[in-house]
Amino acid sequence: MAWMRRVFGVPATETQMGLTLALCIFSMSLMAVALTWQAQVIAKQNAVIHMLQTKFGG
């Protein structure tokens, strides 16, 4: 734990903060794309379920 205090006790440089912010923005955009894709998959599954319910009864 002492090494964490030493490492994180030093203020971050502007470059480090910029890289961290860029990494966060990139990962958030990937998660947003994955969430949109997953929502489309769920919507298609829902349509198939409703089609099968009307065809075979439910």
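This is a predicted model: local features need pLDDT of at least 70, side-chain atom pairs count only at pLDDT 80 or more; totals for chains, interfaces and linings use all residues.
Trainee: Which residues make a nonpolar surface patch with Val7?

Mentor: Start with the helix itself. An α-helix has 3.6 residues a turn, so residues three or four places apart point the same way. Here, Met1, Trp3, Met4, Val7 and Phe8 make a nonpolar surface patch of about 600 Å².

Trainee: Let's turn to the overall fold. How many helices and strands are there in the protein chain?

Mentor: The protein chain has 2 helices and 0 strands. Helix H2, residues 14-56, contains 43 residues. From first C-alpha to last, H2 reaches 63 Å, close to the 63 Å expected at 1.5 Å a residue. After H2 comes glycine 57, with a positive phi near 85°.

Trainee: And what is the radius of gyration of the protein chain?

Mentor: Compare the value with that of a globule. A compact globule of 58 residues would be near 10 Å, but this protein chain has 23 Å. Its C-alpha trace spans about 65 × 25 × 10 Å along the principal axes.

Trainee: What share of the residues counts as buried?

Mentor: Buried means under 20% relative accessible area, and 0% of the 58 residues qualify. Of an accessible surface of about 5600 Å², 73% belongs to carbon and sulfur atoms.

Trainee: Where is lysine 55, then?

Mentor: Lysine 55 sits in helix H2. It is exposed because its relative accessible area, 61%, is over 50%. Its C-alpha lies 65 Å from that of proline 11, 44 residues away along the chain.

How values were computed:
Residues are numbered from 1 along each chain as its sequence is written. Side-chain values use heavy atoms; hydrogens and water are left out. Patches are made of residues with over 30% relative accessible area and no salt bridge: like charges are joined within 9 Å, nonpolar side chains (Val, Leu, Ile, Met, Phe, Trp, Tyr) within 5 Å. Accessible areas come from the Shrake-Rupley method with a 1.4 Å probe; for residues, only the protein chains shown count as cover. A salt bridge is a side-chain nitrogen of Lys or Arg within 4 Å of a carboxyl oxygen of Asp or Glu. Helices (H or I, at least four residues) and strands (E, at least two) are DSSP runs, numbered from the N terminus. The expected span of a helix is 1.5 Å times one less than its number of residues. The radius of gyration is taken over C-alpha atoms; the globule rule is 2.2 Å times the number of residues to the power 0.38. Buried means under 20% relative accessible area, exposed over 50%, partly exposed in between (1.4 Å probe, protein chains only).
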